[in-house]
Amino acid sequence: MSSDTVSILLPELIVVLTATFIYVAGAFLPGKKFWGALALVGVAAAGFVLAGQSEKAAAVVAANEAGPLAVDLMGRYVRGLALLVGAIFVLAAARPQNESLIPEYVGTVLMAVAGLMLVGGARELTLLFLGLELISIPTYILLYLGRRDGASAESAAKYFFLSVLSSAITLYGFSYLYGVGGSTRLDIIQAAMAKALVTPATTGALFAQLALVLVFAGLGFKIAAVPFHFYAPDVYQGTTHTNAGLLAVLPKIAGIAALVRIASIAMPGVEETGLRVTMILALLTMTLGNVVALWQDNIRRMLAYSSIAHAGYMLVGLAVDFAAHKSDDPALQDVDGIGAALFYVAVYSLATAGSFAAFAYLGSRDKQVDTIDDLAGVGGKFPAVALAIAVFMFSLTGLPPLAGFWGKFALFSGAVKVGLAGAESVKLSSWFIVLSIVGVLNAAVSAAYYLRIIGVMYFRESSTSAARGEGGSGARLAAFSCALLVIAVGLAPSRLSQDSQDAATSARAPAKVSAAVAAVAQVGDAR
Amino acid sequence: MNELVVAILLPLIGVGLIWALADGSRVVARWIALAVSLVTLYWAAKCVLAKTLPSYNIPWFTSTGVDIRFNLGLDGLSLWMFALSALLSVTAILVSWEAIKERGPLFYSLLLILESGMLGVFSARDVLLFYVFFEFTLIPLFFLIGVWGSEDRRYAAVKFFLFTLAGSMLTFLGMLAIVLLHADKNPELGITFSIPEITAGLAKYPLSATQQFWIFLALFAGFAVKVPLFPLHTWLPLAHVQAPTAGSVLLAGILLKIGTYGFLRFNMAMLPVGTVTCMPWVLWLSAGGILYGAFVALAQSDVKRLIAYSSVSHLGYCMLGLFALNPLGMQGGVLQMINHGISTGGLFATFGMIYERYHTREIRELGGLARRIPLLSLFMLLFTFSSIGLPGMNGFAGEFLILLGMFQRGYAQAPAFYQWQWTAIAVLAVFGVVLGAWYMLWLYQRVFFGPLKEPADHGADDHGAHDHAAADAHAAHGHDAHGHDAHGHDASGHDDHGHGVAALPPSSVRDMNAREFWALAPLVVLVFWIGVFPQTFLAPMQADINAVSTTVESAYAAHEWPVKDSAVVAGSLPSPSVAQPQPAALDAVAAETLEFARVE
């Protein structure tokens, strides 16, 4: 491990060291609020280092060409996003059920954030898997730390077993990938597969498809895609809002990032299988998630189905990408499905993390808001928090001028473009029209349950409102920051959109890492 | 700074002022809202009356392959709707003056946000910017209906939102398809979202007939729900009835017109072939809406519901005029958009004032009000006349042009196959005018003439008040809640009030006050102004409407119409737009038409 590697990994190191320090020192000073503040400082420092990294990165990367870390814009995008949601969850968790556990709680959140950052920057299977596990293992702990009742224990156990199973499936898929590529490095696998699949009838091609399906099955669990979604409603319902938010956001970002790195980019030649798999998964996931969410009365259960549905939208981006890159049509070469999926996952994360933080705020230590009816009268009692929740719900529906609208715009303009290209240039192109129509109609369906939350908050009064607003000012601050970001991205989407597109471009061209990094350096200089 | 930008931003600044200054006081909030909306009206008028219509264009959302611009501008199609939005917003604020008792600052903020959205819709010249404003108007109206509406408000708000959203999501896909296909056909501009550029580009490189047809349907989904075109209208009566007066005024006056405006701006100007292909269907749906709306209006016992169904009928006229696809009909259609905004907006506003006095919408609980509130009754009468199209008033000019255009299309310009159908549609539309006079005048007779009938507990709390409002309202009025339940729906008990009463029984109900007068007066001026000098309003639109109608008419001329089976002429397969009917066939057509009208 050279000093260069250290300097690239410095943000992750800062986060992990902060977490370790909090663990150790927290044992002597439990139950103090300042551990949350310290964790925030750590995240901020990591973000600062990450932002400043671009200037040095060009020099670093030369020495690191053969390393397991991808010093590219996509890594930067995902790591930045990880730090952002990390800060939100640290804020939201500032007042957990059991105050003496504050240091353990925030430290564990930081560990999961570090795992997500590793996934974002990995271009090597082992490191990527390590990152995924570094998200999962802290999550098991968090699920136990959240609450101490039967439902909580059940949800933690359920999540643990299914998560372990999915890790095993993912690993099994990786083993085929290793067999096909002869290396754990993704760029080498990519080159090997491009060569091997010139003759498609080989066993290599068969194994590649097998690997693809297994990877989708394993990572489908992380992003809660149908039919690997069934744990989500039970687990979310059984835990706290903050934990549910973590589960809805961190593994989702990690899963999408890993799918982009592995399936979309490192596996040329299996696009057609990938296209079919993602399209079926997307159609099922969107529809089932949204339709079942209509019948839910528990907030977390409803948001669990909502997060399932949004995984379906993200898969649309991957499907678009598979289709566009299978095609030789030059008009489709600039269709950016990956960029759209990365954009979408960011706006989804902001709105989801924000709404869980807001719901966490509305509860009290003894009782959180559980059912939608508990929200009656919140619009009059907590106008600002209700407004923030309304912003999140409208954004998740995809209404302009909020961030979620541009996410849907990015995804569906890609899908429509592929759909219009015609069957001669893209296989299954007409299915993309179906996919877009199902997608937008799903958005209308989703409006029904998001509006229900808004309607109960604003249109119904309750003298015995269950909402106490005792979840701590940190949670409220987290919700407000997310709401502001959702509005800001909605009004000025250019920057995030360009970042996500640049991330996709640089991830797609690992051979040109240095060029991408040079571009980063330029951007940095320009600032 | 550009006038358009000022006009759109001012209401939002007003929202900021309300939040900064009102501090929960509805009195401060409403004065701020009124002042801001008047200033906005001034700037909007400045935009409309400027010698060269203003425009504004800066990049908004730019990243690789995307160039969405904050591109604003007015032209003949949007000019008057833009102005009317600003005007009706003032009316909406004035009619809410006393009616809104709780959460005043929030109410006026939402009204101003809605105003900003409406001004944006009509001035947007970028496809996505239009869509953003189009969808954005849903949010404030959703809250206006849901929080301040009547007893069934939550259901109404949600139904309104979901219907519109479901349709407009498909519109969104259609718009994406237009933009992307245009970029394919006309690559030198790259992916442009500019409405004028796309319109010009698609005129040069038209899309294939199949593409136009499907995209037409996608756009149709959203716009037809918004209009609302029969049979997609079911959300409208509910929303109208449940909405607070201001919401009804703006919904009827402006928001429904976004649908017809969208048809004009997108379907007709960009997809002429698709428009012509679907035209026969749309004509029938419009005629169906005219008659259905009128008949259902006849059967209503609730004043607001009756006016709502009259909207369905009148919007049918707008669609009929637009889809006559000739300059006469389209001018009439656009003029009728404005007319309906004024007259139905006026009807809702006036009835809102009456509702404030009596707290009932039931026709049978009201009667002879002309004696009690003569001035308000006069205004109601004027708007009623305007709505049924009395000559000399605005409705006449619009309906006359529409019917003229439709007869011209059906009788003189139709392909043989459709001649009898379209003539029949025109005749049915005339029949609809008669029905319109019937239900409106009947309503007027029942409510304002005859023996005086007033609900006994008028002035008590809101009819079917909000559960949370009840306490406040009672405190404010000092009335007994139980009195309401006991007498509210018991109309028969009051009949004795009316018979042979020479002197009016004493009552706390006052006639119109100055605020109410000034809310309605501008609309009445417009009613007569448009009625007497329609040319003033038609002239600025003419060039742009003619441009659209030329586009669709050339597509119409090139369309292959189905041939009427055997009867039609060997040899002279006609260029359809000039096909003249055979004199002998004419009688048959007329007979058929009459028969059809009778059956209906």
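**View 1. The buried residues of helix α16 of chain A in a predicted model**. They are A:V385, A:A386, A:A388, A:I389, A:A390, A:V391, A:F392, A:M393, A:F394, A:S395, A:L396 and A:T397; buried here means 20 or more other C-beta atoms within 10 Å of a residue's own, with C-beta atoms placed from the backbone. That makes twelve of 15 residues, so α16(A) is largely enclosed by the rest of the structure. Helices are DSSP runs (H or I, at least four residues), numbered from the N terminus. The helix covers residues 383–397 and reaches 21 Å from first C-alpha to last, close to the 21 Å expected at 1.5 Å a residue (the expected span is 1.5 Å times one less than the number of residues).

**View 2. Where chain A touches chain B**. The contact takes 29 residues from chain A and 31 from chain B, counting pairs whose C-beta atoms, placed from the backbone, lie within 7 Å. On the chain A side, α17 (403–420), α18 (429–459) and α20 (494–508) each give two or more residues. The largest share, twelve residues, comes from α18(A).

**View 3. B:V430 in helix α18 of chain B**. This helix runs over residues 416–448. B:V430 counts as partly exposed because it has 15 C-beta neighbours inside 10 Å, between the buried cut-off and the exposed one of 12 or fewer. B:A20 sits 410 residues away in sequence and 53 Å away in space, C-alpha to C-alpha.

**Notes.** Residues are numbered from 1 along each chain as its sequence is written, with chains lettered from A and ligands numbered from 1 in the order written. In this predicted model, local features need pLDDT of at least 70 and side-chain atom pairs count only at pLDDT 80 or more, while totals for chains, interfaces and linings use all residues.

Definitions and conventions: Contact = placed C-beta atoms within 7 Å.
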